[in-house]
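Me: I am new to this structure. Please take one part and walk me through the charged side chains there.

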Amino acid sequence: MDLIHIHDLRLWAHVGVLDHERRDGQWFQLDITLGLDLSESATSDDLSATADYSLAVLALQMLVSELSCLTIERFSEEVFEVLERLYGPLPMHLVLQKCRPPIPGFTGTVAIERRRNWSDQQGF
């Protein structure tokens, strides 16, 4: 299995438990890995034989323009649903990071990591 990585996709989304997070929005960072066989597109140079990652970026930008939810877990589920509509049930891995969580005295980030259609043998 080959992998396509999309790293450091920054998205402004209206996600959070606090009212102002959903009202005003905030930055999130997303890393996505798609598992698929790239041998056909590698030999044919045919975009239709691969997962066009530009479609994922555009679809996720559209998603966040309409999304409002409480948790980054729900946000990640919406990301999976968008990707599955585009590419079908590929093995997928994502890390979704909330860049500036509103926690007093905390200057770090918070992230969740999820996999879909990914077996332990596949690694990443």
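Reply: A helix here is a DSSP run of H or I, at least four residues long, and helices are numbered from the N terminus. The model is predicted. Let us look at helix α4, which spans residues 72-87.

Arginine 74 and glutamate 78 both sit in α4, four residues apart, or about one turn. Their side chains form a salt bridge, at 2.5 Å from N to O. Arginine 74 is partly exposed, because its relative accessibility is 36%. Glutamate 78 has a relative accessible area of 17%, so this residue is buried; the cut-off for buried is under 20%.

Now look beyond the helix. Glutamate 77 makes a salt bridge to arginine 116, with the closest N and O atoms 2.6 Å apart. This pair links distant parts of the chain: glutamate 77 belongs to α4, arginine 116 to strand β5 (residues 110-116), and 39 residues separate them. Both partners are buried: glutamate 77 at 19% relative accessibility, arginine 116 at 16%.

Arginine 116 has another partner. Glutamate 84 also bridges to arginine 116, and here the closest N and O atoms are 3.5 Å apart. Glutamate 84 lies in α4 and arginine 116 in β5, so this pair ties together parts 32 residues apart in sequence. Glutamate 84 counts as partly exposed, at 26% relative accessibility.

Glu77, Glu84, Arg114 and Arg116 are linked in a network of salt bridges. The structure as a whole holds eight salt bridges.

Technical notes. Residues are numbered from 1 along each chain as its sequence is written. This is a predicted model: local features need pLDDT of at least 70, side-chain atom pairs count only at pLDDT 80 or more; totals for chains, interfaces and linings use all residues. Side-chain values use heavy atoms; hydrogens and water are left out. A salt bridge is a side-chain nitrogen of Lys or Arg within 4 Å of a carboxyl oxygen of Asp or Glu. Helices (H or I, at least four residues) and strands (E, at least two) are DSSP runs, numbered from the N terminus. Buried means under 20% relative accessible area, exposed over 50%, partly exposed in between (1.4 Å probe, protein chains only).
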